[in-house]
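Welcome! Please take a look at the structure below, and then we can walk through some of its features together.

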Amino acid sequence: MQTATTATKKRRNGVGEVLHRIGKSPMAVAGLVILAVIFFLAVFADVIAPVHYAKQNLMHAFEPPSAQFWLGTDEFGRDILSRIIYGARISLMVGFISVGIAMCVGGVLGAVAGYYGGRTDNLIMRAMDILLSIPSILLAIAIAASLGPGLFNLMIAVGIAAIPQYARIVRGSVLSIRGQEFVEAARAVGSSDARIIFKHILPNCMAPIIVQGTLGVATAILVAAGLSFIGLGTQPPIPEWGAMLSGGRSYIRDYPYMTLFPGIAIMLTILALNFVGDGLRDALDPKLKR
Amino acid sequence: MANDRLLLDIRNLSIHYEVEDGTVRAVEGLNLRLGYGETLGFVGETGAGKTTTALGIMRLVPSPPGRVVKGEILFEGEDLLKKSEAEMRSVRGGKIAMIFQDPMTSLNPVITVDRQIAEMVALHQDVNEKEALERAVEMLALVGIRPERAKDYPHQFSGGMKQRVVIAIALACDPALLIADEPTTALDVTIQAQVLELMKELKRKLNTSMIMITHDLGIVAETCDKVAIMYAGRVVEYAEKRRLFLNPVHPYTQGLFNSLPELDEEQEELKTIPGLMPDPTDLPPGCPFHPRCGYAGPQCATESPAMVEVEPGHLVACPVRARKGDKP
Amino acid sequence: MNGRPLVDVRHLKKYFKTPKGMLHAVDDVSFSIDRGETLGLVGESGCGKSTLGRAMIRLLDASGGEVWFDGEDIMKYSDAAMKAMRKRVQIVFQDPYSCLNPRLSVAELIAEPLIVNKIFRTRPEMNARIKELMDTVGLAERLFGVYPHELDGGRRQRIGIARSLALKPEFIVLDEPVSALDVCIQAQILNLLNNLKKEFGYTYVFISHNLSVVKHVSDRIAVMYLGKMVELAGSRTIFQDPLHPYTQALLSAIPLPKVDAVRDRIILEGDVPSPIEPPEGCRFAGRCRHRQERCRTQTPELREIDPGHAVACHFARNLVQGEVKK
């Protein structure tokens, strides 16, 4: 068996190899397709959406799905389909930017903690432990409440709440890679610490970070939806999926489609992200290489 | 030797791995014989197919991607490849035991060593727990571990001691054949000397047949009766140890000997075999060694070399060298 | 030659803190290496040979002692001075699989030391040097943009060697450079190292557990046991006239690839004891078949028995004569 693995030549480079392996998992491909569609909708919302998200038409309030309003209208007669399409923009933005914030801050903290070890490590990781001990949704609520409502603050709140996860993961990978000989080899030719961390260590621990990131986007969208639901997120009339859910809540008995469709949009996105995340994890896991 | 009854007779065995990039022909048309009480040294470089052959005998080739394509493995006259999985389970550990390279990973870290041996005994012999544990202590004594250490966990032993425990487990059911896959590679020289000494002594005592897989010709010289040299999935030379060491005929065997730095001679430059092992998914046609061979003629690139007997019991898969009459 | 050794190691110590106490990885080791010489460093795992190799060039911070390189004590150097010194002392690592960053191509790997030390101003100049280095170590130019996982162990080790040569060093520590390789590839790499030395006049420390390999490349050989240097002599002398009981056992334990090799094998009892807080006396005393009371209490110093042949054993010469008389 060992014979077979060492003998196998891998001619593809990193990215090509990963794409090739993702292609073998039907779930991951389905996830990628769904995500691509949602991205497309988000980017070209202005062209695709039948009407503007804020366009009110009180004559058509509370209309069920019909040929004119495919997914019905809300209490102000706004087209739910258009709002979901525009909402994709906000939700994806919140998801990716907050994860971006968490990854950058958490990644640097984790890398520094893992590389230097000792007291630096202790200091950073205990702070992370404190953050971790508070449920992330509560933490996000507290941060959002203190910063005030708004899209930008929402992203910061969700991002900060997710920092410890990334710090932990990066620290773990850095610890395992720091012990490898090529790091020592880099030091032997006179490389600086910063160069070693950014050129040699971090690129080699991207796999778990990317996977966590993909799954993290899903969580971030959910947390953001939750915050919007309780009124700490985006402000009307900006169509955020969570806010739409919250808006439709009062009418759920009589007009269930007002909550149903944004709910489905959230579910589909999360599902797709999880599929892609799982597929990536398998594709990037060196133990599964064959 | 053909008249002797054979313990193991492998005929024309091929084992392939199906991988993304094609078919790895790990073992290709391999023939091998082992008599009762003999020790066979199985020598080759990484990727030569030594371990795959051993796993093939145990029917443990991971499948997929591995597959026994053709051949017979006659063990005590019965073809192991035709046996059911249930029958194989009683063969493994019972009649054929295997020792793996790394003693650190072949023991369960949360079970005491006597229980690990007893488990093996209970699996293959009709004994109660107490008898099995007694047998375990006997086995430990046999490999030179004192009874008071029987209740220790593997991590309390050093590498050499762990390998002794592994040997005790392998021999617990009195197997007819012991396959040792690089049993001392992970050990230091002085500890290796201890373990080899122990294995030689046990072999004398128990008369177990053994296949010793190794890349170290020194270990072969020390422990084996016969030697098979493997290259790219085939046996290229097979002989009684003395004959092979004093008169290596196959160009690869000669190259292997020349690559070793000598302890008792001064050498300016080591003679090396040019080039690298061929890619096992893309073996050259004819003799797999011909692109690196100084003796190669045109027919070597087309004809797959058959084993030729150059002197009694000395088989070489190289018609060119055999024809030259390189007899002593 | 001005008579001064290139490297002079004096009382070098490296201890590691462990939960059970101080681990004496390298304990008060002194020796020197002349310019152009190859010193072989042999011993079993855990004897401190790799730690010594790293501490000598300050890849590890030593716990004590001095390392004089070309007349200056590099242990006293500032980080900046040491960075400049890195150009003159280099290391080749054991494992050709883990010593190369898998994300970098062959060219990038060899370029690393050149970039870090800002040797070249322009890319073409650097590429020319990279190609020259690849040629020196026998790597085909078509491998320029290839990644290490596509290459076999021998070629990877050639990359490691090219990297260490990039800065034109004078002194190279070779830490088990062929241990992970098959015999045929091993022979190719050994020949390469020998040829490089002939061509460029490097000074090597060659660390290995394989005595026949060490003998092939070394001018002098130092044997280590549990953090101490127990014997140091010319490579021929150590094989023909080993004086320390441990060296004798070590030599006799090598399985020779020869039939009819007649020799007395000394099988050592037991295992290497723990290097954590070792007791007074000779470290080898517990396994030595010649031990006396004195060995348990008094640590033997490495002393010169014959010119150029030093042994750390109280009974060195007497022992051999005793054996011969039997």
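## Where chains C and B meet

The contact (heavy atoms within 4.5 Å) draws 42 residues from chain C and 42 residues from chain B. This is a predicted model, in which local features need pLDDT of at least 70, side-chain atom pairs count only at pLDDT 80 or more, and totals for chains, interfaces and linings use all residues. Residues are numbered from 1 along each chain as its sequence is written, chains are lettered from A and ligands numbered from 1 in the order in which they are written, and side-chain values use heavy atoms, with hydrogens and water left out.

Chains C and B bury about 3600 Å² between them, 56% of it on carbon and sulfur atoms; buried area is the accessible area (1.4 Å probe) that two parts lose on being put together, summed over both. In chain C, Cys184(C), Pro255(C) and Val259(C) lose the most area to chain B, together 16% of what that side buries.

Two salt bridges (a side-chain nitrogen of Lys or Arg within 4 Å of a carboxyl oxygen of Asp or Glu) cross this interface. Lys258(C) forms a salt bridge with Glu262(B), their closest N and O atoms lying 2.8 Å apart.

Now for some backbone angles. Most residues other than glycine have a negative phi. Here are two non-glycine residues with positive values:

| Residue | Phi |
|---|---|
| Asp174(B) | near 55° |
| Arg58(C) | about 60° |

Asp174(B) sits in the loop between helix H5 (159–171) and strand E7 (177–181) of chain B; helices (H or I, at least four residues) and strands (E, at least two) are DSSP runs, numbered from the N terminus. Arg58(C) lies in the loop between helix H1 (49–56) and strand E4 (64–69) of chain C.
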